Amino acid sequence: MSETLSHTINENGEITYRNILIAVDESKEAAKAFEAAVNLARKYDAHLLIVSFLNTGSLEALRTFTPQIHNMRAEVANRVNIFKKEAQNQGVKSVSVFTGEDSPASAIIEKVIPQYHCDLIVCGAMGTTKLDRFLIGIGSQSSYMARLAPCSVLIVR
């Protein structure tokens, strides 16, 4: 991606953000990251985009179990709506949600950021994949976004 998206500098020389993306899953780290994103969205009066993906790369073996996949889709949709209500309850004025089925980090970078013009990604240090936590230490999705995103990335522990 050749276009670089970044924060803006206000008249006082301070960094500000207009469009903050928060990537959520069911992990404790995502809950901490959500709180940080909400605080930043309130501070900068920024739009908050809450994103969650059903990681289809890890679901190939489950393709034949259609009812389970439907339940997982419903869980993802329910998750972002719960986070949306919480952000609104905490005073974020502009909130939207995005769900999909893909590898989360690559989809966020290749599809979501260009569409929504996000200038900050907030995510947890580790997601829900135990193998990723064991092998890498920092979540593979977080690490991927930190390396390849065209905007700033805040990784919350």
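**View 1. The overall fold runs β-β-β-α-β-α-β-α-β-α-α-β along the sequence of the protein.** This is a predicted model, in which local features need pLDDT of at least 70 and side-chain atom pairs count only at pLDDT 80 or more, while totals for chains, interfaces and linings use all residues. Residues are numbered from 1 along each chain as its sequence is written, and side-chain values use heavy atoms, leaving out hydrogens and water. You will find five helices and seven strands here; these are DSSP runs numbered from the N terminus, with helices being H or I of at least four residues and strands E of at least two. Of the 157 residues, 42% are buried (under 20% relative accessible area, with exposed over 50% and partly exposed in between; 1.4 Å probe, protein chains only).

**View 2. Helix H1 covers residues 28-44.** Ala30, Ala33, Phe34, Ala37, Val38, Leu40 and Ala41 are buried in H1. Seen down the axis, these buried residues fall within an arc of 165° (taken from the directions from the helix axis to the C-beta atoms), so they line one face of H1. Exposed Lys28 and Lys43 sit on the face turned away from that buried side. Just after H1, have a look at Asp45, which takes a positive phi of about 50°.

**View 3. The cysteines form zero disulfides.** A disulfide is a pair of cysteine sulfur atoms within 2.5 Å. For Cys151, the nearest cysteine sulfur, that of Cys118, is 6.7 Å away. Cys151 is buried at 9% relative accessibility, and Cys123 is buried at 3% relative accessible area.

Note on methods. Expected span 1.5 Å × (residues − 1).
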